[in-house]
Amino acid sequence: MKIQILKESLKQAIAIVERATAKNPTLPALGTISLVATKNILEVAATDLEIGIRYTMLAQVEKEGGVAVPARLFSQLINVLTEKDINMNVVATELKVESKEQKTTIKTLSLQEFPIIPSLQGDEEAVEIDTKSFCAALAKVVTIPSQSQTRPEISGVFVAFYKEGIRLAATDSFRLAEKSISFTGAKGIEAAFILPQKTARELVSIFGDIEGVIKLYISPTQALFEHTAKEQQTSIQVVSRLIEGEYPQYQDIIPQNFKTKVQVSKQEIVARIKTAAVFSGKMQDTKLVVDSKKKGLEISAESQDTGKHSSFLSASVTGEHVEISLNWRFLLEGLSNIKGEEVEIGFGGEDAPVLLKPIGKEQYLYVVMPVKA
Amino acid sequence: MTKDELWQATLAQLQFKISPANFATWLKNTFILSKKEGTLFVSVPNNFSKEWLEHKYNKIIFHAIKSLDNEVREIRYTVERSRPKPKDAPVRTLTAPQEDQMEFPEFQADRSTNLNPRYDFDNFIVGGFNELAHAASLAVVKSPGSIYNPLFIYGGVGLGKTHLLQAVGNQIIKESPHKKLKYISSELFTSGVVSAIRNKNVDALRAMYRELDVLIVEDVQFLAGKEKTQEELFHTFNTLYQAGKQIIFSSDRPPKAIPALEERLRSRFEGGMIADISMPDYETRMAILRTKMLEKEIALNNEVLDYIASHIQRNVRELEGALNRLSAFSRLNANRMPALVEAKALLRTVIQNPNRIANPKKILQAVAEFYDLKEKDLSALSRKQEVVRPRQIAMYLLREDLKGSYPFIGKKFGGKDHTTAIYACAKIAKELQASEILVDEIALIRQRIYSG
């Protein structure tokens with residue numbers, strides 16, 4: 001392999017694919033990045049056998065070929081190089097990285113050792129989704145799944161296509177978040193799959209700020225996300241396994257009937273919960289009292305070691321008086337994903353799930369179980 | 001050669017041609033799915049393995065197989081969608097941020113079977129007090145529907161009936177996932193019957209129960225007096241029993257002692273195997289405490305354990321409650337384990353609960369409840385057999401447990417003569433030597449009084 005390439009493009013490519021590398025003493029190839037040059041194209045790729053990322057870009061190729069280089073080392077080097085163009089040349093088992101004034105030689109692994117990242121079979125169903133709105137929606141649920149080994153199916157984000165949109169849901173069995181986006185490009189596909197949490201995270205950070213569309217190919221065992229930027233002649237492919245199993249019927253968890261409903265300013269309640277949280281100590285519980293007579297919410301926390309705090313926040317209240325203990329981290333996490341100014345909180349009693357949702361068009365909801373009083 | 005043997009032989013050859021690291025990475029969890037007209041289908045766990053085997057190892061795998069089975073002309077690799085094997089999974093990592101955080105109830109139990117996966121045989125502690133019930137349950141797991149059918153398990157509150165029944169259910173499902181199993185409390189069963197009658201779809205309900213392979217009904221003593229429900233259960237029972245399906249019941253008392261239960265249903269309860277769970281002895285209580293301690297990752301010293309085990313005798317759930325208290329203490333005090341003095345103070349409310357001290361009122365209440373009578377019936381003038389006997393038992397308990405004088409006892413029952421009380425106590429004491437059932441009944445009543 002002998003090529004010339006722009007340093008900036010290479011740097012960007014490495015920053016993205018490096019996310020998929022893994023440390024594995026028995027398979028050192030997982031800690032490497034593969035570089036493969038074919039006609040005018042350089043493909044940079046990495047994988048940890050759960051997720052694989054491929055990045056292709058333009059390069060001036062004098063001699064085709066490929067090599068696998070240690071990821072950390074290579075990325076450190078490319079990051080500090082100061083020149084604009086880089087020449088790369090594979091000689092025997094070494095990669096020579098050269099620019100006008102600098103010369104580097106890196107020991108490499110044979111490309112033969114590098115895992116083959118699965119590519120398209122051709123029979124997958126494909127849809128095109130707006131990158132930004134998909135990633136923004138994913139970001140609202142991606143923190144929720146728990147790495148449960150007894151219930152592997154909830155360790156990922158549930159993605160379901162239906163007629164008018166896409167539903168994304170995640171739960172850790174203590175709380176549940178669901179974000180819907182309207183989407184009409186599914187062309188009758190009513191697919192549903194469970195995306196590993198890691199993949200969801202990587203998708204958000206890789207594609208989150210990129211304009212355009214992602215093409216999604218779904219097969220029963222894997223999903224491939226592809227983004228192409230025509231102007232720069234680059235493309236990014238993320239291949240991921242899917243989690244096997246059946247996602248629980250989470251709709252049953254979302255409460256429908258409430259004893260009490262409260263509408264309150266989001267900013268205000270977030271500030272009050274944060275203040276109370278100062279005194280809630282290790283157990284992370286705060287107490288909410290909905291007062292239907294005084295028309296408002298009392299938010300309080302008490303710790304034996306530090307002291308106590310309580311505050312009253314007026315709000316519009318319908319229904320009965322409710323007292324409930326909730327984990328403030330869970331509460332804030334739900335609230336922080338709501339964009340609007342007003343939220344509606346529905347209570348079903350001191351040991352029933354609480355529903356948070358924005359008032360207005362935003363399609364988001366968050367259900368959280370209380371802490372035993 | 002079976003396909004498993006063929007694959008094993010192939011792997012045996014391959015191990016010399018592939019480095020151990022690669023062998024472990026790419027050939028783990030692979031097996032032959034099927035062979036059709038010279039094409040061998042090999043299942044691989046993921047797409048990465050598939051690509052690797054197809055592109056790098058296909059030749060050597062093919063050669064190895066060809067040398068063993070000449071018919072094979074092609075190998076295809078497919079990724080199977082199957083659940084990962086539980087033994088590959090590391091230990092449970094899902095932990096609540098704090099102990100009191102509640103979970104969505106939907107996640108605690110499997111919706112179709114109502115089983116909670118947390119109960120299994122591994123964490124069920126066997127001692128003399130539950131040996132029989134445990135052995136019978138294991139036998140049922142081994143061959144559902146054939147050995148002990150129905151299995152009837154009875155015992156007091158908090159001694160592990162539910163744990164055992166759920167474990168049986170979970171184990172059966174684990175061993176044969178296709179089996180249809182339903183775990184239901186008799187209360188749910190009743191409300192199912194009631195709403196089916198109201199909505200006029202009793203047939204659908206019957207059909208649902210009658211296609212089960214295993215039916216587990218908890219707390220059948222609550223069926224007392226519910227005739228229509230008993231009838232439904234009776235018919236369901238007959239259908240399942242005749243089809244050789246396993247049925248398991250639990251109750252807080254033996255079938256004989258369940259009042260207002262139709263004779264035909266009672267005789268069916270008694271038709272299989274009846275096993276009781278009594279109270280754990282000291283050694284078993286210690287064993288339970290030690291196991292629970294490991295689960296909760298706390299380390300109490302022997303003194304404290306001994307104190308708990310010797311003071312909480314009647315209820316396993318309370319043992320766990322006591323441990324919970326102490327573990328909360330250690331969490332709040334930078335993981336320091338409580339000393340005996342502190343433990344005593346912390347457990348005072350659990351151990352010296354005023355409820356655990358008997359008084360005449362509680363005894364009367366428990367006896368009346370147990371025999372499904374009103375409290376005032378006991379002191380009424382009636383001489384009906386169904387009242388007389390409970391009355392005598394109540395008198396006996398007042399004498400034995402409270403050391404009440406005979407005139408005092410007589411007065412408690414509507415001013416009866418002290419000789420009546422003497423006669424009653426002597427009669428019950430004598431019967432106790434002859435009748436095992438009465439021993440059981442009285443033990444169960446006592447448990448109600450003291451765990452109340």
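**Group meeting: side-chain pairs in the predicted model**

At 17% relative accessibility, B:Asp213 counts as buried. I start with that residue because the cut-off for buried is under 20% relative accessible area. Before going on, a reminder that this is a predicted model. The scores are ipTM 0.74 and pTM 0.63.

B:Asp213 has a partner. It forms a salt bridge with B:Lys245, and the closest N and O atoms are 3.1 Å apart. B:Asp213 sits in the loop between α8 (202-210) and β6 (214-218) of chain B, while B:Lys245 sits in the loop between α9 (227-242) and β7 of chain B, so the bridge ties together parts that are 32 residues apart in sequence. B:Lys245, at 24% relative accessibility, counts as partly exposed.

How many salt bridges does a search of the whole structure find? Over all chains, the search gives 31.

In chain A, A:Lys261 forms a salt bridge with A:Glu344, with 3.8 Å between the closest N and O atoms. This pair links distant parts of the chain: A:Lys261 is in strand β18 (residues 260-265) and A:Glu344 in strand β24 (residues 342-347), 83 residues apart. Buried or partly exposed? A:Lys261 is partly exposed, its relative accessible area being 34%. A:Glu344 counts as buried, at 14% relative accessibility.

Back in chain B, B:Glu71 forms a salt bridge with B:Lys35, and here the closest N and O atoms are 3.3 Å apart. B:Glu71 lies in the loop between α3 (47-68) and β3 (74-79), and B:Lys35 in strand β1 (residues 31-36), so parts 36 residues apart in sequence are tied together. B:Glu71 counts as exposed at 51% relative accessibility, and B:Lys35 is partly exposed with a relative accessible area of 39%.

The network is also in chain B. Salt bridges link B:Asp252, B:Arg253, B:Glu369 and B:Arg448.

Now the rings. Over all chains, the search of the whole structure finds 15 aromatic pairs. One of them is B:Phe249 with B:Phe269: the ring centres are 4.5 Å apart and the planes are at 55°, so the pair is tilted. It too links distant parts of the chain, with B:Phe249 in strand β7 (residues 246-251) and B:Phe269 in helix α10 (residues 263-269), 20 residues apart. Both B:Phe249 and B:Phe269 are buried.

For B:Phe370 and B:Tyr371, the ring centres are 5.1 Å apart and the planes are at 80°, so this pair is edge-to-face. B:Phe370 and B:Tyr371 are both buried.

The charged end of B:Lys56 is over the ring of B:Trp52, 4.4 Å from its centre. For B:Arg264, the charged end sits over the ring of B:Phe234, 4.5 Å from the centre.

Last, confidence. Chain B has a mean pLDDT of 83, and 93% of its residues reach 70 or more. Where does pLDDT stay under 50 in chain B? That is over residues 83-95, for which the model has 22 contacts beyond four places in sequence.

Terms used
Residues are numbered from 1 along each chain as its sequence is written. Chains are lettered from A and ligands numbered from 1 in the order in which they are written. Side-chain values use heavy atoms; hydrogens and water are left out. Rings of Phe, Tyr and Trp (its six-membered ring) pair if their centres lie within 6.5 Å; planes under 30 degrees apart count as stacked, over 60 as edge-to-face and the rest as tilted. Helices (H or I, at least four residues) and strands (E, at least two) are DSSP runs, numbered from the N terminus. Buried means under 20% relative accessible area, exposed over 50%, partly exposed in between (1.4 Å probe, protein chains only). A charge sits over a ring if NZ of Lys or CZ of Arg is within 6 Å of the ring centre and within 35 degrees of the ring normal. pLDDT is the predictor's confidence in each residue, from 0 to 100. Contact means heavy atoms within 4.5 Å. A salt bridge is a side-chain nitrogen of Lys or Arg within 4 Å of a carboxyl oxygen of Asp or Glu.
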